[in-house]
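Good morning, and thank you for coming. I would like to take you through one structure, beginning with a sheet and ending with a helix and its charged residues.

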2 protein chains.
Amino acid sequence: MAAQHLLDNGQGVIDPDTYFEIQTPPPNLAQDEAKVRDFVKYNLAKNNRLVLVTSGGTQVPLENQTVRFIDNFSAGTRGATSAEYFLEYGYAVIFMHRQHSLQPYSRNYTHSTNCFLDYLELKPDDSMGVSQAIGPKLIPTFKKYQSVKQRNMLLFVEFTTLTDYLFLLRSITLIMAPMKSKAMYYLAAAVSDFFIPAPKMAEHKIQSSEGALTLHLDQVPKFLKPLVSQWASESFIVSFKASHASYITCPSGTHLFAQLETDSRLLVPKARAALTRYGHQIVIGNMLTTRKRDVTLITKEDDVEIHLTDQELRDEVEIEERIVKELYKRHGMFISTGKSCAVDGMAGVSSL
Amino acid sequence: MAAQHLLDNGQGVIDPDTYFEIQTPPPNLAQDEAKVRDFVKYNLAKNNRLVLVTSGGTQVPLENQTVRFIDNFSAGTRGATSAEYFLEYGYAVIFMHRQHSLQPYSRNYTHSTNCFLDYLELKPDDSMGVSQAIGPKLIPTFKKYQSVKQRNMLLFVEFTTLTDYLFLLRSITLIMAPMKSKAMYYLAAAVSDFFIPAPKMAEHKIQSSEGALTLHLDQVPKFLKPLVSQWASESFIVSFKASHASYITCPSGTHLFAQLETDSRLLVPKARAALTRYGHQIVIGNMLTTRKRDVTLITKEDDVEIHLTDQELRDEVEIEERIVKELYKRHGMFISTGKSCAVDGMAGVSSL
């Protein structure tokens with residue numbers, strides 16, 4: 001019975017506690033915890049709101065000496081952009097991100113196809129400067145970055161693998177727990193669904209000799225469950241539900257639109273099912289193809305659609321600004337009432 | 001029989017021509033070809049030596065709408081560093097690299113854990129400058145970068161997936177063919193061994209519902225074969241054979257050293273087998289763990305070990321400088337005699 005419990009929860013998936021027993025924590029976990037502890041202490045004393053933003057994809061090693069791995073694509077745009085707007089709204093931000101994914105403020109400069117050196121120029125006095133092409137535009141961004149750093153409002157924590165991510169998530173959440181309702185979790189990272197457990201990895205060796213390769217992966221336990229019910233039960237938790245159009249089998253392409261429509265209509269019910277399952281405050285649903293212009297915030301009481309117009313997109317309005325604005329309001333209600341409430345429109349009025 | 005040929009070469013692996021028939025070329029292939037054609041024409045007229053450096057890992061999609069993929073880890077250090085030394089030796093360089101992997105000249109600044117903005121500072125006149133901490137060190141690097149760009153000696157071409165890589169490799173090699181013995185191929189990219197062929201991908205959909213995931217991948221055909229025998233048969237070709245220690249089953253760790261020793265001794269015979277199989281000029285063998293201080297160049301006539309001392313490592317000598325120096329000499333011999341010859345030591349003397 002105990003052995004059965006250790007292996008899975010009876011549904012073929014191990015439980016979250018077992019995950020932490022069988023996997024090895026990242027080597028720098030203690031340092032990261034110390035850093036986060038100082039940051040939380042500082043912001044707790046200041047009575048600041050604090051948000052943990054997770055961002056980027058997680059890597060799942062396929063071998064012990066990791067050369068090959070399965071990865072989830074995510075540049076980290078949603079997380080990096082949202083972090084900037086949270087800072088604008090006065091939040092302290094722990095930015096827990098995949099190594100080399102996009103970061104707040106530098107995000108418009110690092111993942112371009114330009115080489116970093118293309119932004120620089122040699123000045124007449126033989127010192128290095130930033131090229132005229134980007135310098136003037138960069139100055140306000142740079143000042144904001146300097147300011148949040150100087151005011152100790154932004155802390156970077158890095159992960160690479162799924163295991164790094166999960167150990168860090170648990171640690172940081174437990175350290176943030178004393179912030180209670182002032183803490184928000186904005187879980188924008190694209191987390192792997194499947195992994196090879198460490199005990200199975202030992203047997204696992206990829207042969208590159210002739211023939212095909214077959215890989216067996218186990219499902220990752222659902223960590224949102226202990227996060228909501230145990231680790232951060234008094235805080236405001238926002239998760240994401242991304243959906244992409246199903247693969248279209250019809251080679252003529254004629255069913256494409258209908259299929260996208262169907263997937264899009266399924267998004268809200270799926271997101272609501274996640275909210276009901278875990279019992280947290282908000283699920284943000286988006287389609288992969290339209291994620292920069294359309295999202296839906298699903299709460300216990302209402303759905304809020306956020307949509308950017310063509311004109312707003314041309315004006316470089318970022319949808320994360322609208323998302324964070326809405327969350328700021330709702331988090332405020334949560335802090336003052338201890339409940340997540342709708343604040344706009346009929347649904348909001350009737351539920352207050 | 002024709003159908004059998006289309007599926008595999010009788011050993012369970014499709015042949016390279018079939019690969020190009022069943023996979024879709026990257027959308028920007030024609031633009032990249034045009035760029036490379038201009039670059040080759042320019043350097044052919046100048047009578048320059050030209051090297052194609054491939055660098056970074058390739059991605060293998062697991063789904064049609066790619067969210068998950070299998071990736072090969074490679075930051076691209078070997079390729080980016082070597083490209084700089086090839087430029088020092090007067091080569092024109094086509095740097096064909098994985099998107100966001102390390103690039104020559106910027107390589108010491110882009111993959112650090114520092115944010116790009118940490119290198120900058122606001123000057124008293126409110127213009128953006130490079131911080132004093134890195135500015136002075138950056139200047140010589142920046143000048144070299146500017147110089148090779150202005151002299152049209154360095155061309156960047158990007159890939160992400162295995163398919164991008166292989167289509168580009170074939171195209172660029174065919175465009176470079178008129179350079180004959182003046183062309184070198186320095187194939188440092190970490191290329192995937194397994195993939196899911198496009199026709200199988202259609203059936204393939206990852207379900208994230210309860211339960212385990214099983215993936216079936218096919219072996220990637222050996223593209224070095226047509227590259228050596230058909231696409232670039234008159235040029236100087238350098239491939240890499242990396243080896244990492246086998247997984248150690250003994251939990252006490254006592255067999256670790258013996259195992260590493262065994263793997264290390266197997267490296268040269270393995271690299272020589274690759275040279276014999278494909279019939280090209282040089283295989284560079286290295287162990288993954290010691291690749292920054294030890295490599296062996298295997299040619300038809302001899303083995304050359306390159307080893308950096310502790311003092312050299314402390315002095316920040318880069319092993320790629322030694323590798324490129326050796327290749328420069330051997331490529332020179334190849335150009336003048338049409339044969340790859342050993343140039344140093346007894347093996348060299350006796351074979352001349």
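**A sheet, a helix and salt bridges**

Strands β2(A) and β3(A) run antiparallel and are joined by three bridges. One of the residues to look for is A:Val60, whose bridge partner in β3(A) is A:Ile70. Please keep in mind throughout that this is a predicted model.

These strands belong to an open sheet of four, ordered β2(A)-β3(A)-β3(B)-β2(B), with antiparallel pairing. Which strands stand at the edges? They are β2 (59–61) of chain A and β2 (59–61) of chain B; each has a single partner strand, so one side of each has no neighbour in the sheet. On average, neighbouring strands here are turned by 30 degrees against each other, direction ignored.

Let us turn to charged side chains. How many salt bridges does a search of the whole structure find? Over all chains, the search finds 32. In one of them, the side chains of A:Arg68 and B:Asp193 meet, with 2.3 Å from N to O. This pair crosses between chains: A:Arg68 is in strand β3 (residues 68–72) of chain A, while B:Asp193 is in the loop between β8 (183–187) and β9 (194–195) of chain B. Is A:Arg68 buried or exposed? Its relative accessibility is 10%, and buried means under 20%, so A:Arg68 counts as buried.

A second salt bridge links A:Asp302 with A:Arg330, whose closest N and O atoms are 3.0 Å apart. A:Asp302 lies in the loop between β13 (294–298) and β14 (303–307) of chain A, and A:Arg330 in helix α12 (residues 319–337) of chain A, so the pair ties together parts that are 28 residues apart in sequence. Both partners are buried: A:Asp302 has a relative accessible area of 6%, and A:Arg330 has one of 2%.

We now come to helix α12 itself, starting with chain A. Why does its length agree with expectation? At 1.5 Å a residue, the 19 residues of α12(A) should span 27 Å, and the end C-alpha atoms are 27 Å apart, so the two values agree. Among the buried residues of α12(A) are A:Ile319, A:Ile323, A:Leu327, A:Arg330 and A:Phe334. The elements that cover the buried residues of this helix include α4 (77–88), β8 (183–187) and β11 (236–243) of chain A. Just after α12(A), A:Gly338 takes a positive phi of about 75 degrees.

In chain B, a salt bridge within the helix deserves attention. B:Glu326 pairs with B:Lys329, and their closest N and O atoms are 3.8 Å apart. Both lie in helix α12 (residues 319–337) of chain B, three residues apart, about one turn of the helix. An α-helix has 3.6 residues a turn, so residues three or four places apart point the same way. B:Glu326 is buried at 9% relative accessibility, whereas B:Lys329 is partly exposed, with a relative accessible area of 34%. In chain A, salt bridges that share partners join A:Asp302, A:Glu326, A:Lys329 and A:Arg330 into one network.

Finally, consider B:Lys325, which is also placed in helix α12 of chain B. B:Lys325 counts as partly exposed, at 47% relative accessibility. B:Lys325 and B:Tyr89 are 236 residues apart in sequence, yet 7.9 Å apart in space, C-alpha to C-alpha. Thank you for your attention.

Terms used: Residues numbered from 1 in each chain as written. Chains lettered and ligands numbered in written order. Predicted model: local features only at pLDDT ≥ 70, side-chain atom pairs only at ≥ 80, totals over all residues. Heavy atoms only, no water. Salt bridge = Lys/Arg side-chain N within 4 Å of Asp/Glu carboxyl O. Helix = DSSP H or I, 4+ residues; strand = E, 2+ residues; numbered from the N terminus. Buried < 20%, exposed > 50% of the residue type's maximum accessible area, 1.4 Å probe, protein only. Expected span 1.5 Å × (residues − 1). Contact = heavy atoms within 4.5 Å. Pairing = 2+ DSSP bridges. Axes fitted to C-alpha atoms, helices over the stretch in contact; angles between N-to-C directions.
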